[in-house]
Amino acid sequence: AEVKQILDTLGIKSVNYGATTGGSKGWIETKGKELVSYSPINGKPIASVLMAEKKDYETVMTKAQEAFKTFRMMPAPRRGEMVREIGDALRENKKTLGALISLEVGKIRAEGEGEVQEMIDIADFAMGLSRRLYGPTMHSERPEHRMYEQWHPLGIVGLITAFNFPASVWSWNTLIASVCGDAIVFKPSSKVPLTSIAIQNILAPVVDKYGVESIFNMVIGTRTDVGEPMLHDKRIPLISATGSTAMGKHVGQVVGGRLGRSLLELGGNNAIIITEDADMDMAVRATLFGAVGTAGQRCTSTRRIIIHSSVKQAFVNNLISAYKQIKIGNPLVNDTLMGPLIDEEALLAMEQALKAVKASGGKILYGGERTTVNGCEGGHYVFPAVAEVKNDFPIVQSETFAPILYIIEYNGFEQALELHNDVPQGLSSAIFTTSLQYQEIFFSHKGSDCGIANVNIGTSGAEIGGAFGGEKETGGGRESGSDAWRAYMRRQTNTINWGKELPLAQGIEFNI
Ligand code: UN1
């Protein structure tokens, strides 16, 4: 009964169209293959989508290109006001949209709502930003000259997102890009199309009110019909993509091949260093949220614990007794802490990874078995796993999008840092310590090589105010807060001569 109410409230029908240019009249009557969204909670279909075909993508792109020409002329603070109203619409729908995310992604209710809260936070941030799209002024080396820098809207932003944060990652990109004056063409993950449809429905009244048709576009379709055409499309100056490193390499190469820009948020292999003097209770709690939250399916999930040998055993014992108390089940039930994995494929990948751990000589200390939940027999439930490994095992070097936590021991702090950075990815990192020196070394030039580094906080659960993203194979992109907005604009350097002479830069004389 709750499911029906969620779907009705958010305007999800049993069969939905797969493309819209935004607003109440933007839906395109797509006729592509039917894409069914199954709930990972019980494996049952929630609703389906008639996918967009190549011609629908073309329709959206043509309209977006035209709409951008008008939208770029709307004053940025007005665009900010519009985004504030989007934030209000999200506030009104927080519980329902949060529940739909739980239903479609399988994350617990608190995390589904947390994701909507991220959207609301970014709406507030973007509104303020709309009056702060600053460029500096420079003192010219030439007399009676002035120089300054200004930031212009970029054009159409192509947005490709993953299944695990279908709402907040949409908002990081879309709400920032829209105050920057861009049009957005959004392709959600085919695993979670309904959340994206619901977001479009929530936005629709604001889109209508501001007359911004063809700015907030969405196209649900296959890789061949939509994904690849987007990457190759010269009308899209920026592709922002979230997903695996393999996907990101492809995106980077194709978009780079046409000298477009790409903003990549790829895999993480996030570690917590736990020193001999750490507060163990806090370290256990942070590890639990980092490794088991969202069933280990965040790009910021804690994958490795690098722990001083003198405290390893005590930590592992405490952690495993905590793991035994985790309530695994239907994420819509209130005391559940861990829901299902997204699909069967994810379970298989987890099992493969645990096999690889054993093959390399590692030891499974806890979990990894499938489990069933009463009333949710078709769901993809598993006990989160803890394994003792060496950092250089091939499987430990790669990201498995599942709740597997690797325990790696160290003896000296320099060794801990080496192990920490010795992976191809560089997204998030943390240290639990009470030592000022360890903390500062971890934050120093020779410390963590990640885009995010925390002390006495886990690796996941970042606030929107900071720049989010990472180095190395994580792709180098930054989204969300700080000055990440610059990626969605183009910079122009302007020099004005207000004098009667024509002096040249570098003192060059060029006279007849
Ligand atoms: C992601 O997994 O793609 O820091 C994003 C976090 C969340 C966002 C994760 N705020 O864990």
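Predicted model: local features only at pLDDT ≥ 70, side-chain atom pairs only at ≥ 80, totals over all residues.
User: What does UniProt list for residues 27–493?
Analyst: The unreviewed entry gives "domain: Aldehyde dehydrogenase" for that stretch. Over residues 27–493 the chain is 39% helix and 22% strand. The end C-alpha atoms are 40 Å apart.

User: Ligand next. Which residues are around it?
Analyst: Glu118, Asn164, Phe165, Val169, Thr242, Arg298, Cys299, Thr300, Ser460, Gly461 and Ala462.

User: How does that shell divide into nonpolar, polar and charged?
Analyst: Four are nonpolar, five polar and two charged.

User: Which residue does the "active site" annotation cover?
Analyst: Glu265, according to UniProt, again from an unreviewed entry. Glutamate 265 sits in strand S12.

User: Is glutamate 265 buried or exposed, and why?
Analyst: Buried, because 29 other C-beta atoms lie within 10 Å. The threshold for buried is 20 or more.

User: What is glutamate 265 in contact with, leaving aside neighbours within four places in sequence?
Analyst: Thr242, Cys299, Gly469, Gly475, Gly477 and Glu479. Thr242 and Cys299 also belong to the residues around the ligand.

User: Back to S12. What is the strand order in its sheet?
Analyst: S3-S2-S10-S9-S8-S11-S12. That is an open sheet of seven strands with mixed pairing.

User: Which strands stand at the edges?
Analyst: S3 (27–28) and S12 (261–265). Each has a single partner strand, so one side of each lacks a neighbour in the sheet.

User: How do S8 and S9 pair?
Analyst: In the parallel sense, over five bridges. S8 covers residues 156–160 and S9 covers residues 183–187. Glycine 158 has valine 185 in S9 as its bridge partner.

User: What does helix H6 touch on the sheet?
Analyst: Helix H6 (residues 168–179) touches S8, S9, S10 (216–219) and S11 (238–242). The direction of H6 makes about 165 degrees with that of S9.

User: And where does helix H9 lie?
Analyst: Across S11 and S12. H9 spans residues 245–257 and runs at about 170 degrees to S12.

User: Switching to S19. How many of its residues are buried?
Analyst: Seven of the seven, residues 404–410, so S19 is largely enclosed by the rest of the structure.

User: Which residues point which way from S19?
Analyst: Ile404, Tyr406, Ile408 and Tyr410 point one way. Leu405, Ile407 and Glu409 point the other way. All are buried.

User: How many bridges join S14 to S19?
Analyst: Five, and the two strands run parallel. S14 covers residues 302–308. Isoleucine 306 stands opposite isoleucine 408 in S19.

User: What about S18 and S19, parallel or antiparallel?
Analyst: Parallel, over four bridges, with S18 at residues 385–388. Glutamate 388 has isoleucine 407 in S19 as its bridge partner.

User: What does glutamate 409 touch, not counting residues up to four places away in sequence?
Analyst: Ile307, Ser309 and Lys312. As for phenylalanine 393, that residue is 16 residues from glutamate 409 in sequence and 14 Å away in space, C-alpha to C-alpha.

User: New topic, the sheet with S1. What is the order of its three strands?
Analyst: S1-S5-S4, an open sheet with mixed pairing. S1 (15–17) and S4 (34–38) stand at the edges with a single partner strand each, so one side of each has no neighbour in the sheet. The twist averages 30 degrees from one strand to the next.

User: How many bridges join S4 to S5?
Analyst: Five, with the strands antiparallel and S5 at residues 45–50. Tyrosine 38 stands opposite proline 45 in S5.

User: Last one. Where is lysine 472 found?
Analyst: In strand S24, residues 471–472. Lysine 472 counts as partly exposed because it has 19 C-beta neighbours inside 10 Å.

User: What does lysine 472 touch, not counting residues up to four places away in sequence?
Analyst: Pro424, Gln425 and Gly426. Leucine 427 is 45 residues from lysine 472 along the chain, and their C-alpha atoms are separated by 8.3 Å.

How values were computed:
Residues numbered from 1 in each chain as written. Near = placed C-beta within 6 Å. Nonpolar A, V, L, I, M, F, W, Y, C, P; charged D, E, K, R; others polar. Pairing = 2+ DSSP bridges. Contact = placed C-beta atoms within 7 Å. Axes fitted to C-alpha atoms, helices over the stretch in contact; angles between N-to-C directions. UniProt positions renumbered as here; feature names shortened; annotations may be inferred. Buried ≥ 20, exposed ≤ 12 C-beta atoms within 10 Å, placed from the backbone.
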